[in-house]
Amino acid sequence: MRGDARAVLGHDALLAVTQLVILDPGRSGSADLARSYAAALLPNRRDLLEELGFEDVDALGDRLVDALVVRGPAGDIAHRVHEHLDAGADHVALFVLTDTAAIPPVRQWRALAPAVLG
């Protein structure tokens, strides 16, 4: 989340963030999925990403993909959620990505809930 978003909006505004996540304890099989979703985000976010210091956005470097899609064990995802909250977010919505988009990620939600709400 942009650190200055709270300052721009003021303290009375609701600041809600959406975070793309992939629950992958070993981070071994999720790089391609993360990269494909990050690529889908580019058309609407290119200018912002460049403003935030990401160079050659279209190359989808690891640093950019990791900024857009947090992947790993539940604790890593919870850490990113708390980074958003510490930066001033009031609400963080998790958009759980899987390679089976037609099946709701109930198993992942159940695994994430204790870590995030902990």
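Which residues have the most contacts inside the largest nonpolar core? The views below start there; the model is predicted.

**View 1. The largest nonpolar core.** This core has 16 residues. Leu49, Leu64, Leu68 and Val69 are those with the most contacts inside it. Helix α2 gives the most, with 6 residues.

**View 2. Leu49 and its contacts.** Leave aside the neighbours within four places in sequence. Leu49 is then in contact with Leu42, Phe54, Val57, Leu64 and Leu68. A second, separate core has 13 residues. Val70, Ala74, Leu112 and Val116 are among them.

**View 3. Leu94 in strand β3.** Strand β3 covers residues 91–96, and Leu94 is found there. Is Leu94 buried, partly exposed or exposed? Its relative accessibility is 28%, so Leu94 counts as partly exposed. Beyond its neighbours within four places in sequence, Leu94 is in contact with Gln19, Val21, Ile77, Val81, Leu112 and Val116. Phe54 is 40 residues from Leu94 in sequence. In space, the two are 23 Å apart, C-alpha to C-alpha.

**View 4. The salt bridge of Asp66 and Arg27.** Side chains of opposite charge can pair when their charged atoms come close. The whole structure holds 4 salt bridges. In the one between Asp66 and Arg27, the closest N and O atoms are 3.8 Å apart. What does this pair tie together? Asp66 lies in helix α3 and Arg27 in the loop between β1 and α2, so the pair joins parts that are 39 residues apart in sequence. Asp66 is partly exposed, at 27% relative accessible area. Arg27 is also partly exposed, at 34%.

**View 5. The salt bridge of Arg46 and Asp58.** Here the closest N and O atoms are 2.4 Å apart. This pair links distant parts of the chain. Arg46 sits in helix α2, and Asp58 in the loop between α2 and α3, 12 residues apart. Arg46 is partly exposed, with a relative accessible area of 27%. Asp58 is exposed, with 52%.

**View 6. The salt bridge of Glu83 and Arg80.** The two side chains meet at 3.6 Å, N to O. Where do Glu83 and Arg80 lie? Both are in helix α4 (residues 74–86). They are 3 residues apart, about one turn of the helix. Buried means under 20% relative accessible area. Arg80 has 18%, so Arg80 is buried. Glu83, at 40% relative accessibility, counts as partly exposed.

Technical notes:
Residues numbered from 1 in each chain as written. Predicted model: local features only at pLDDT ≥ 70, side-chain atom pairs only at ≥ 80, totals over all residues. Heavy atoms only, no water. Core = buried A, V, L, I, M, F, W, Y, C linked by side-chain atoms within 4.5 Å. Buried < 20%, exposed > 50% of the residue type's maximum accessible area, 1.4 Å probe, protein only. Helix = DSSP H or I, 4+ residues; strand = E, 2+ residues; numbered from the N terminus. Contact = heavy atoms within 4.5 Å.
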